[in-house]
Each structure stands twice: as C-alpha cells, then as structure tokens.
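Hi,

Here is the structure I promised to pass on.

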Amino acid sequence: MTTNEALINYCLRLGDSSLILGQRMSEWCSNGPILEEDIAMTNVALDLIGQSRTMLTYAGKLEGKGRTEDDLAYRREEREFYNTLLSERPNGHFGDTVTRNFLHSAFFYHLFQALKNSKDEMIAAHAAKSIKEVTYHLRHSSEWLVRLGDGTEESHNKVQESLNDMWEFTGDLFEMNEVDEILIKEGIAVDLTEVKKEWEKIINQVIERATLSKPEECYMQSGRLNAMHSEYLGHLIAEMQFLQRAYPEAQW
Amino acid sequence: MVEEDYNKKYTKEQVWGFLKEIPDPEIPVITIEELGVLRDVEVTPTKVIVTITPTYTGCPAMKMFEDDIISTLKQHGIENTEIKMVYSPAWTTDWMTKEAKDKLREYGIAPPVDGSADKGVLFANGPKIVVCPRCKSENTILKSQFGSTACKALYSCKDCLEPFDYFKCI
C-alpha cells in the first residue's frame, strides 16, 4: 500500500464518520423533543456534514479520478464506507442519541486535538477547524447526559441502558491497521491508543458526574477498518442516496 | 481569445474594495470583510483569485458568499474569478472588529463576549454576562448553545422577557 492510498483511506474514515453521524442527526429534524433541541441537533448535523465535505473533497482530489464529494457520498456502496460503527447506531430515543453523540464527540475531540499537529497540512487544518465545532457538540451531549443521568429514576435508568447498549461499539473507534501504521510513520496519523487514554478520562469524568456506572468490560464489535457494518448502515444510505440514485446527476 | 490583462486594469486594493462591502446573507449589517471571511485577493493577467475561509464548515452562507463574489466582480468586467477556500488559520470570532460588534448589537444580536480561548471543554455555562441587545439588562439566561444559525446561541432576557441571539465565540 502506498502512502497516498493510505491517506485516501484515512480521509474517508474521517469524512465518512462525520457524514454518517451527520445524516443520523438530520433525522431528528422536526422530531426533536422540544424546539430548542430540534434546532440544536440539526445544527450539529450541519457542522458534521460540513466537516465531511472537507475530507471527502480532499479524498477525491488525492485519488485523482475526478470524483467529487458528492460522488463519494452518494455513489458508493455500503461496503465502501469507512465510518465508525458507533456513528451508524440508530437514534433510538433522545437518551440513546445523547449517549452515542457523547461517546463519539469525545472521540472526535481528542482525535482532532492530536491531528492538529499532523504533517499533512489539509488534515491539520481540518482538525483545527473542526475542533471548535466538536467542542460545542461534546459540551451539548455531556450536559444532557448529566441532566438525564442525574435526573429522575426513569431518565437515569433509560440512559444507563443506552450507555450499556452503545458500549460494545466503542472498541471499534480505536482499532488500527496498516493504514495507521504507514501514516503514523509519516507523522500524518496519530496513535489511537494515545487518543483512547484521553477519551477514557472524559468518559469517566462525565459518567461519574451523571451518577451513571461505567459498563463492564465486554466483547467489542469491530468492522470499520474493513468497511464491515451493522445492518443499520444500508438503511441509512438507502435514504441518504435515494435522490442521486433515482435521478442521477440531479442538480439543485 | 483576447488577453484580459486584469492586473493592468485593477490593483489588488481596488478588487478588495469591490468585495469588502458584500453583506452576510444571514446578518446583512456586517460584511465579509468585517466578519473575517475575506482573506486575500490576487490579481493575475487572466483571472482574479479570491481567498475566503468558512466561519463554520457547514455554513450554508458560504455558497452565497461565493456567488456574490463572482457576480460582484462580473459587474466590474471580471469574468474569470477563482474562489479559493482555505481552512487555516481557522476562523475565529476574535477577528471581529469592535465596529462589527457594535453593528451586531444594534441589529439585535448580542456580539461575542469572551475570547475564543476562554472556554472550558465540558460544562461551561457560556460567558459570564451576555447583555440583552434590546434593553441592555445583564439579567439574561442561556436557553440553548445552538440557535437559528450555526454561529449563534439562544438567550432570553429576564427583564424585557424577549429572546435574543448571541453570536458565540469560536
């Protein structure tokens, strides 16, 4: 594998995770529990889709086959997506969404902190830019996790269940393969075991403040690196890609 | 094709002058220059290169800015404009001038209060005091970190009881 091939894959991982989580968040549009939250969640969706545009455009450029951000978002099959398994988890109830976003935002936050020093200028700039937005996402989801966890008995139990259910998809966030190995050597990618240490600190801090219990060690799902997904991704992209599949080359 | 020779017709400063008054499509009282979105202008013989930076990565206004830049330059006979999007240095509200902040306040949007570096990651309660742009009361409360556009948070004034937008720090 060449450095360029590794870099393309790395950009797809970043771009796809933002895209899929952004698409999930957009599903809340007009379905939020209160107006303020409806607006908050669609704002988060907008940020994430914006972030994915930067990385998918860059991946297309590196590939050099003339594929645009739209080609990559709307014309790839399920097994060509490299998003995190966590990002494709269904929205469920509000507590499920809050929990998923909290775990994912904390991951992005520390990943981007580290990638700010990437030797690839585009990735470094993307990380520095995105971290400003992700900080708001992390704060939003962690405040809600505390409010729900430390709320009523019902909200506490529900969100504890969300946390337990999401936990098996967190291992996948930190898995690495040859792509990481090549790019770490070049100073482009970062060691995810280091990111995980920082991630765990935030997770522990917020879980404690939310009076929740950290889930026990369990079997961890895996798949992101090989574009293997849960059954939920297919449904998500079927909806996301519908227009470009039904009316190829459709323009606004 | 006739050589355009844009660089003989216009200086960089002149082109900057054409562009600097382009208003923000969402907040028309401030311009792309005051906002810090307009970063650079380069005039070459065959084209004009305008460098801009997004406020937020997903800000839908960016497309409007691009279209407005191209149509403004067309009015001055510049047919070939290239828009260059840069992400570094990342846009920050620290670039906003005092004049721009005053205009925002006048328009009914509370301008950013703290510097971008002042906030903690978790559990920040926003800046200490956001003054109500309508009645100048300091007795206000954060309703949501996210408002009507990506760059704004939603506040409410406990004295005049009106909700208002706050341009948040990033």
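What volume does the largest cavity have? About 110 Å³. A cavity here is a set of points on a 1 Å grid over the protein atoms alone where a 1.4 Å probe fits but cannot get out, and its lining residues have an atom within 4 Å of a point. The volume is the space filled by probe spheres set on the points, which are joined across faces, edges and corners.

Before going on, some ground rules. This is a predicted model, where local features need pLDDT of at least 70 and side-chain atom pairs count only at pLDDT 80 or more, while totals for chains, interfaces and linings use all residues. Residues are numbered from 1 along each chain as its sequence is written, chains are lettered from A and ligands numbered from 1 in the order in which they are written, and side-chain values use heavy atoms, with hydrogens and water left out.

Back to the cavities: searching the whole structure turns up three of 30 Å³ or more. Residues lining the largest one include A:Y10, A:R13, A:F107, A:D180 and A:R224. Two elements of chain A, α1 (3-26) and α4 (94-115), each give two or more residues to that lining, and α1(A) gives the most, with four. (Helices are DSSP runs of H or I of at least four residues, strands are runs of E of at least two, and both are numbered from the N terminus.)

Next, helix α5 of chain A, residues 121-149. Its 29 residues reach 40 Å from first C-alpha to last, close to the 42 Å expected (1.5 Å times one less than the number of residues). Even so, α5(A) has a kink of about 35° centred on A:I131; the bend is the angle between axes fitted to the seven residues ending there and the seven starting there. Because 25 of the 29 residues are buried, α5(A) is largely enclosed by the rest of the structure (buried means under 20% relative accessible area with a 1.4 Å probe, protein chains only).

As for chain B, there are five helices and seven strands. Its C-alpha trace spans about 65 × 30 × 25 Å along the principal axes, and 47% of its 170 residues count as buried.

Finally, the structure has zero disulfides over all chains (cysteine sulfur pairs within 2.5 Å). For B:C169, the nearest cysteine sulfur is that of B:C151, 12 Å away. B:C169 is buried, at 6% relative accessible area.

Cheers

Notes. Buried means under 20% relative accessible area, exposed over 50%, partly exposed in between (1.4 Å probe, protein chains only). On a 1 Å grid over the protein atoms alone, a cavity is a set of points where a 1.4 Å probe fits but cannot get out, and a pocket is an open set with protein on both sides within 12 Å along at least five of seven lines; lining residues have an atom within 4 Å of a point.
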